[in-house]
Amino acid sequence: MVTAFIMIKANTGEADRLRDSIETIEGVESAHIVAGDVDIIAKAQVETPAAVKEIAATQIQGINGVEDTQTYIAMD
């Protein structure tokens, strides 16, 4: 199992809508609005690193209002 944390920058005023959309993606365990350099942190648990790429680079970045993402894969 691969665990990844995806940091998401959102357009101003879009965080609630984006969080709700991100939480519906298969493999995303949770998504939280946070304070700091990013607006949302999502946790994904999937079978392969390729599935992480699909979630972060295709599905999340494809949502209107997402400005940028950074993905971190857990090592433990």
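Predicted model: local features only at pLDDT ≥ 70, side-chain atom pairs only at ≥ 80, totals over all residues.
Visitor: In which strand is the place of Thr-3?
Guide: Helices (H or I, at least four residues) and strands (E, at least two) are DSSP runs, numbered from the N terminus. The strand that covers residues 2-10, Thr-3 among them, is S1.

Visitor: Does Thr-3 count as buried or exposed?
Guide: Buried means under 20% relative accessible area, exposed over 50%, and partly exposed in between (1.4 Å probe, protein chains only). Thr-3 has 14% relative accessibility, and therefore counts as buried.

Visitor: How many of the nine residues of S1 are buried?
Guide: Thr-3 lies in this strand. S1 is mostly covered, and its buried residues number seven.

Visitor: Over how many bridges do S1 and S3 pair?
Guide: Two strands pair if DSSP finds at least two bridges between them. Within S3, Ile-41 is the bridge partner of Met-7. S1 and S3 run in the antiparallel sense, and their bridges number seven.

Visitor: Which residue in S4 does Ala-4 stand opposite?
Guide: S1 and S4 run antiparallel and are joined by seven bridges. In S4, the residue opposite Ala-4 is Ile-73.

Visitor: Over how many bridges do S2 and S3 pair?
Guide: S2 covers residues 28-33 and S3 covers residues 40-46. Across this pairing, Ser-30 stands opposite Lys-43. The sense is antiparallel, and the number of bridges is five.

Visitor: What positive phi does Gly-36 take in the hairpin of S2 and S3?
Guide: Six residues lie between the two strands of this hairpin. For Gly-36 the positive phi is near 135°.

Visitor: With which side chain does the side chain of Ser-30 make a polar contact?
Guide: Ser-30 belongs to strand S2. Leaving aside neighbours within four places in sequence, Ser-30 is in contact (heavy atoms within 4.5 Å) with Ile-41, Ala-42 and Lys-43. Its side chain makes a polar contact, at 3.5 Å, with the side chain of His-32.

Visitor: What is the relative accessibility of Ala-44?
Guide: Ala-44 is in strand S3. Neighbours within four places aside, its contacts include Thr-3, Val-28 and Ile-55. Ala-44 counts as buried because its relative accessibility is 0%.

Visitor: How far apart in space are Ala-44 and Val-28, C-alpha to C-alpha?
Guide: In sequence, 16 residues separate the two. In space, the C-alpha atoms of Ala-44 and Val-28 are apart by 4.2 Å.

Visitor: The side chain of Thr-69 makes a polar contact with the side chain of which residue?
Guide: Thr-69 lies in strand S4, residues 66-73. At 11% relative accessibility, Thr-69 counts as buried. Across 2.5 Å, its side chain makes a polar contact with that of Gln-61.

Visitor: In what order do the elements of the protein run from the N terminus on?
Guide: The secondary structure comes to two helices and four strands. From the N terminus on, the order is β-α-β-β-α-β.

Visitor: What radius of gyration does the protein have?
Guide: This radius is taken over C-alpha atoms, and the globule rule is 2.2 Å times the number of residues to the power 0.38. For 76 residues, a compact globule would have a value near 11 Å, which agrees with that of the protein: 11 Å.

Visitor: At which residues does UniProt place the feature "domain: Transcription regulator AsnC/Lrp ligand binding"?
Guide: UniProt positions are given in the numbering used here, feature names are shortened, and annotations may be inferred rather than shown by experiment. The UniProt entry is unreviewed, and it places this feature at residues 6-75.

Notes: Residues numbered from 1 in each chain as written. Heavy atoms only, no water. Polar contact = N/O pair within 3.5 Å; in protein donor to acceptor, adjacent residues only side chain to side chain.
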